[in-house]
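Keep the picture open as you read.

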Amino acid sequence: MDDPTPAQNFHSATAGKRLRIHGSVARDLGIAIVSGRYAPGDSLRGEIEASERLNISRTAYREALRILSAKGLVESRPKTGTKVSARVKWHMLDPDVLQWIFEFQPNDCLLESLFELRRVVEPEAAALAATRRTDDQVVRMGRALDAMQEHTLATEAGRQADQDFHAVLLEASGNPFLITLTSSVGAAVHWTTMYKLREAPVLRDPTPDHRRVFDAVEAEDVEAARAAMTDLVNMAFLDTRGAMLGTPTP
């Protein structure tokens with residue numbers, strides 16, 4: 001294959017810069033929406049005005065709005081322009097939307113709702129995994145657990161291992177619909193952890209909670225797996241709420 005020409009390199013760099021610009025604008029607008037600075041029904045600035053104010057091209061601004069539209073945060077109509085959508089239309093489990101929510105302090109109701117979802121999904125996924133897991137999945141869960149223990153959640157490697165553990169657990173459920181929630185559950189785990197680290201550098205070690213889930217799944221003990229995962233999610237909620245209130249979990 002021929003090496004890229006200078007013109008091709010310039011085009012690639014320009015396209016990459018444009019992507020970063022509209023992605024950055026989408027992020028800023030997304031945070032403004034989920035934080036309540038823009039309320040449902042509010043109109044966003046017109047394309048010309050917004051692009052001039054932000055000093056970006058109209059194309060970049062349109063691309064940013066397309067990103068937000070795809071996540072259900074805004075809707076555009078010919079005569080009314082672009083407005084913030086009702087929250088029931090937001091794709092709350094989109095990894096980017098979850099990240100934007102945790103850029104600021106989410107309210108108690110929103111935090112509880114996220115963990116309610118995890119209580120509905122993950123204990124049953126663990127129960128299914130206890131009956132369906134393969135030897136390979138047990139090995140990968142154990143490897144992730146060892147990495148969590150070695151690196152801790154204070155490091156990127158430890159946080160990745162935590163996400164890997166939850167991802168393999170959902171995979172082990174054998175349910176294709178549950179498996180599609182992997183990126184959403186992973187994002188919830190990651191961003192609540194990042195939030196806790198931002199608010200309180202010293203975290204309670206959650207590895208023993210994960211170890212109990214692992215032991216139950218490995219032993220094919222359905223009830224123990226369900227109970228252990230319920231306890232894990234409940235403790236994660238207390239840790240996150242404690243970080244919000246400045247009262248770390250003992």
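**The overall picture**

Please keep in mind that this is a predicted model. The protein has 250 residues, and 42% of them count as buried. It contains 11 helices and two strands.

Let us look at one pair of helices. Two packed helices can be described by the angle between their axes and the distance between those axes. Here the pair is α5, which covers residues 108–132, and α7, which covers residues 156–172. Their axes come within 7 Å and cross at roughly 65°. The crossing of α5 past α7 is left-handed.

Which residues meet where α5 and α7 touch? On the α5 side they are Arg-118, Val-121, Glu-122, Ala-125, Ala-126, Leu-128, Ala-129 and Arg-132. On the α7 side they are His-166, Leu-169, Leu-170 and Ala-172. Sorted by class, this contact has eight nonpolar, one polar and three charged residues.

**Pockets and cavities**

Next come the empty spaces. Rolling a probe the size of a water molecule over the atoms shows where empty space is left. A search of the whole structure finds two cavities of 30 Å³ or more.

| Space | Volume | Classes of lining residues |
|---|---|---|
| Second largest pocket | about 170 Å³ | six nonpolar, no polar, three charged |
| Largest cavity | about 140 Å³ | seven nonpolar, four polar, six charged |
| Second largest cavity | about 60 Å³ | seven nonpolar, one polar, one charged |

Start with the largest pocket. Its lining includes Arg-87, Met-92, Leu-93, Phe-102 and Pro-106. Also in the lining of the largest pocket are Leu-98, Ile-101, Leu-110, Leu-111, Ser-113, Leu-114 and Leu-117. The elements giving two or more residues to this lining are α4 (95–101) and α5. Helix α5 provides the largest share, with five residues.

The second largest pocket is lined by Val-25, Asp-28, Leu-29, Ala-32, Arg-37, Tyr-38, Arg-53, Leu-54 and Ile-56. At least two residues of this lining come from each of α1 (6–34) and α2 (47–54). Which helix gives the most to the lining of the second largest pocket? That is α1, with four residues.

Turn now to the cavities. The largest cavity has 17 lining residues, and those nearest its centre are Asp-162, Lys-196, Pro-206, His-210 and Ala-236. Helices α7, α9 (182–199), α10 and α11 (222–245) each supply at least two residues of the lining of the largest cavity.

The second largest cavity is lined by Leu-93, Leu-114, Leu-117, Arg-118, Val-121, Leu-181, Ser-184, Val-185 and Ala-188. The elements that give two or more residues to this lining are α5 and α9. The largest share, four residues, comes from α5.

Asp-209 lies in helix α10, which spans residues 207–218. Is Asp-209 buried or exposed? Asp-209 counts as buried because its relative accessible area is 7%, under the 20% cut-off. Leaving aside neighbours within four places in sequence, Asp-209 is in contact with Arg-204, Leu-232 and Met-235.

Thr-152 sits in the loop between α6 (135–151) and α7. Although Thr-152 is not a glycine, it has a positive phi of about 70°. Thr-152 is partly exposed, with a relative accessible area of 38%.

Glu-220 is found in the loop between α10 and α11. Phi of Glu-220 is near 60°, a positive value in a residue other than glycine.

Note on methods. Residues numbered from 1 in each chain as written. Predicted model: local features only at pLDDT ≥ 70, side-chain atom pairs only at ≥ 80, totals over all residues. Heavy atoms only, no water. Axes fitted to C-alpha atoms, helices over the stretch in contact; angles between N-to-C directions. Left-handed = near helix turned anticlockwise from the far one by under 90°. Contact = heavy atoms within 4.5 Å. Nonpolar A, V, L, I, M, F, W, Y, C, P; charged D, E, K, R; others polar. 1 Å grid on protein atoms, 1.4 Å probe; cavity = no way out; pocket = protein on both sides within 12 Å on 5 of 7 lines; lining within 4 Å. Points joined across faces, edges and corners; volume = space filled by probe spheres on them. Buried < 20%, exposed > 50% of the residue type's maximum accessible area, 1.4 Å probe, protein only.
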